[in-house]
Amino acid sequence: MMMSRSRRIGFGLLVSTALTAAFAAPGNAQERVPAVTIATTTEAYDPIRYEAAFIVAEAWRELGLEVNVQPTEFSTLLGRFYDQQDFDATIIGWSGRVDRLDPQFFLGTLDSRQSEPGGNNPGGYHNPEYDELFTRQSQEFDVEARQELVQQMQELYVPDAPVIVLFYRDEVVAYNNAAFEGMEAMAGEGLYSEWGPMQARPLTDRQTLRIGGPQEPDNLNPLASTSVWGWKWMRLYYDRLIRLSPDVEPINWMAASVEAVDDTTIDVTLREGLTFHDGEPVTAEDVAFTFNYYKSQSYAYFDAYLDSLENVEATGDLTVRFNLSEPSASFANIALSQISILPEHLWADIENPGELTPDQIPNIGSGPFKYDAYSRGEIMSLAKNEDHFHADEIAVDGVEFVIYADMEGVFTGLQTGAIDMTAWRMEAGQIPLAEQQDDLTVVTVPDFGYYHMTFNTKREPFDDREVRRALTQAMDRERMVNVLLDGRGEVGHSIIAPVNAFWSAPFVEQFEYDMDAARAALEEAGYSWDGEGRLVK
Amino acid sequence: MNRRSYLIRRAFQALVSLFIIATLLFFLFRWGLPDPTTALVAEGLSPEQREMVRQSFGLDQPLWRQYLLFLQNAVQGDFGYSFHYRAPVADIIWERLGNTMVLMVTAILIAYLIGVPLGAWLSWRRGTRADTVGIFAGLMFRSAPMFWTGMIGILVFGVMLGLAPTSGMRTLPYTSTGFFDKITTLDFLWHLTLPAIVVALYYLGSPLLIMRNTMLEVYGEDFIEMARAKGLPERRILYNHAARNALLPVVTQLAVTIGLAAGGQVVVEVVFSWPGLGREILSAVRTSDFPLAQASFLVMAAFVISLNLLVDILYSTLDPRVSFK
């Protein structure tokens, strides 16, 4: 009985499909635009990107497109996007690591030479003019000239709409203004920048700055840590040749001078009298060792910085020469400001540095603070390095990072004075509470990392520039900011954030949300709608 | 069957259970959790670099070989290397387990030391207002979500009154030379008080109600009638005769509770930022650190199984009527 009924339904379907096809075919030769799938994170992993996908899908459906939203477990999502490039449109993101303030990295995500599987341009945007400009900017040592190239690239790619920046969100952090003052917030870093502890001025007898957060580093091994939170802490006690100032300008730090001898040779002269925390002097040998060591070890975290580095040689007690394999304008700014100098005498004999257990790691650097203690799940502490050349500018006698289980605990700690500032963003509900409390100052810093929707430009219908443009106009990003971010953020127009003012192009196309304009654009590009309202071409 | 062969058989059963759990955990975590290189991928590593990371943790080996290696090492108390912390899992677990057990055992002891006599007393006063209030309070704390009691506790005693610390095990920074040095300071007790009371309130309900109800049953027994007939004082009948006989189910409950305590109360550990095993498991799952997660669960299972074994042994000692079947 059941069998025959289902067979009959099957047969009915077959007939009606055949009929529809027969009637539709002769009248118009147009075909329906294939259904598209938007891949995004699961709701549990990130409700914001999950909801954003539905906001987009809803509007696209109104345009007559068949849209599926596919929430995907995060590593699978990354795998399909970067490695297999098996997607129509994906919502994903880039975090705002401070070295990405140099435009090299984000601009590279649209370079067609990075579009092979595993590369950073899985959407496959291909524009020879863009690629050529990318090469030119990466070899342009004149900052003003490079700025022009970088802005030109943004003006060039934006109208093609290969990648849509959904928004730049604001990070809201807070500190206790009765205990400390003087910390400037830094873009993408908040108050817990490398400068925060150096700027903080105590207002009470307590001289130790206490930062609190649930962000515990994975480990404090400079050859194994792969989290931002590991290096945010380690850079306070390991020192760098260059540091990026709070305004993100490179300033000489351990380096007395940095000189480009030619396009592929950089000479660095060290300050005199630098010492490691164990009293040994910092020499050119240590610098050369560190860079060659990172180059030779299987520590992937710094690989991107060292790509263009051939080798480093000590040319004197305090002079080092960096030989590059190709000209790179960003090398000095990025690699020299992100890679911390290790003492050769402690690391040279370690065979598998990535496998050191916590008690085997020599926590000896030459930074403005010295490693003091780390108790997992509780606290990390540093003491001021009185011998550091910057010591006179530092008012605190140490820094502590108190590790909480969640943001609720952090906020209670801030309210009761157990900590002086939050390491990273507060939860939405905590912001008004912090604003009400007199001794708390709330600071808002825009991020320059971004969530984006990338179109697969090798697949229908996203291979058509006009479709991408029209569908971008149908993305209500204003609503995402207002609803998903509680208004704390701004719609993105370029992969270089407006907060990164020097490099960001101010006058790129905006793609305001406008459904009528989107419909008109589709029509102009030769699309129309069939009897059921579905988009056809 | 005699006592010795009974014990041997029970011990053998316990080992088999442990083996099955270890196997289940191994495969569950490999199939259920995202790839451990997820955290690295987010930073934009290339496929080759990701492969390098996989190799360094032996994840490129066939699954059966990984499994055999896991069993072989686990038997020797070596649970491998944490993906996230890059440190031996065993070190992390033992330290965290210690922190958890101090909190849980303290709380459970408070709950039982108060709950048992109180339950006995309530049974004696059954039907009175004290009985009603006692049962209500026990049930209320048992049903109230612990994060809520915890947060109210923090709000009132920590934030508003400023009497208790709101997080952690001790005033930071601190110096201590070892576990016992750490837990025998006044500062530690001060930090322990609030979370221990919150957990104790939750646990109070079981001994209270079990004791009360068992006592009521015992009152009907002949030997109580006998004691009354001898003219013994009511208090002595209650605590010396009836209570002793009503203890058995409470002892069972106590052992099982302690067994389950190894996993800690995740909620309380998070609310009070207590660096215990429960909080560690939560973060291990979040970071896909499955060597750490599976070892934590294995340790918890071992605890439950061995305390169950202990209960069986205790039972036969406490109550000779229990036979070895």
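A: This is a predicted model: local features need pLDDT of at least 70, side-chain atom pairs count only at pLDDT 80 or more, and totals for chains, interfaces and linings use all residues. Residues are numbered from 1 along each chain as its sequence is written, with chains lettered from A and ligands numbered from 1 in the order in which they are written.

Start with the strand order. In chain A, four strands make an open sheet that reads β10-β11-β13-β12, with antiparallel pairing. Strands here are DSSP runs of E, at least two residues long, and helices are runs of H or I, at least four, all numbered from the N terminus. Two strands pair if DSSP finds at least two bridges between them.

Now the edges. β10 (255-262) and β12 (309-314) of chain A each have a single partner strand, so one side of each is left without a neighbour in the sheet. From one strand to the next, the twist averages 20°.

Next, one pairing in detail. β10(A) pairs with β11 (residues 265-270) of chain A through six bridges, in the antiparallel sense.

Finally, the helix. Helix α9 (residues 284-296) of chain A lies across β11, β12 and β13 (319-324) of chain A. Its direction is about 155° to that of β12(A). Such angles run from 0 to 180 degrees between N-to-C directions, and axes are lines fitted to C-alpha atoms, for helices over the stretch in contact (C-beta atoms, placed from the backbone, within 7 Å).

Methods: Contact = placed C-beta atoms within 7 Å.
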